[in-house]
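Hi everyone, thanks for coming. Please take a look at the structure on the screen, and then I'll walk you through it.

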Amino acid sequence: MELTDEQGRVLAEALADAIVRQNALQRSVASYRELLAAAEGDRLACAEQVKHLVKELPERFKLQAYKAALQGELDG
């Protein structure tokens, strides 16, 4: 089956559109992965900061801090 010039043009336009959308999706996925990596870096930095602060805090304040953190998660 041979394509007419019009059918070939329409198929070429559809293919070009699909390629453009695929490229945009790939850029979106890459951006999303960068955001996830940055968020993971932030999470790790916060965890290290918490670890350091917990070492510095007297025992009686640790329980208060944990209670406040738990309440914050529950309030959410």
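Let's begin with open space: the largest pocket holds about 170 Å³. Before going on, please keep in mind that this is a predicted model, where local features need pLDDT of at least 70 and side-chain atom pairs count only at pLDDT 80 or more, while totals for chains, interfaces and linings use all residues. Residues are numbered from 1 along each chain as its sequence is written, and side-chain values use heavy atoms, with hydrogens and water left out.

What do I mean by a pocket? On a 1 Å grid over the protein atoms alone, a pocket is an open set of points where a 1.4 Å probe fits, with protein on both sides within 12 Å along at least five of seven lines; lining residues have an atom within 4 Å of a point. The volume is the space filled by probe spheres set on those points, which are joined across faces, edges and corners.

So which residues line the largest pocket? They are Val50, Leu53, Val54, Leu57, Lys62, Ala65, Tyr66 and Ala69. Helix 1 and helix 2 are the elements that give two or more residues to this lining, and helix 2 provides the largest share, with four residues. Helices here are DSSP runs (H or I, at least four residues), numbered from the N terminus. By class, the lining has seven nonpolar residues, no polar ones and one charged residue. Of the types in this lining, Ala, Val, Leu and Tyr count as nonpolar, and Lys as charged.

Let's stay with helix 2, residues 59-75, for a moment. At 1.5 Å a residue (times one less than the number of residues), its 17 residues should span 24 Å, and its end C-alpha atoms are 25 Å apart, which agrees. Is helix 2 largely buried or in the open? Of its 17 residues, the number buried is one, so helix 2 lies largely in the open. Buried means under 20% relative accessible area, exposed means over 50%, and partly exposed is in between, using a 1.4 Å probe and protein chains only.

Now over to the charged side chains. How many salt bridges does the structure hold? There are five, each being a side-chain nitrogen of Lys or Arg within 4 Å of a carboxyl oxygen of Asp or Glu.

One of them links Arg9 with Glu6, with the closest N and O atoms 2.4 Å apart. Glu6 lies in helix 1, residues 5-56, and Arg9 and Glu6, being three residues apart in that helix, are separated by about one helical turn. Arg9 also meets Glu13 in a salt bridge of 2.5 Å, N to O; these two are four residues apart in helix 1, again about one turn. Glu6 is partly exposed at 46% relative accessibility, as are Arg9 at 39% and Glu13 at 45%.

Further along the numbering, Arg43 and Glu40 form a salt bridge of 2.7 Å, N to O. They sit three residues apart in helix 1, about one helical turn. Both count as partly exposed, Arg43 at 45% and Glu40 at 35%. Through shared partners, salt bridges join Glu6, Arg9 and Glu13 into one network.
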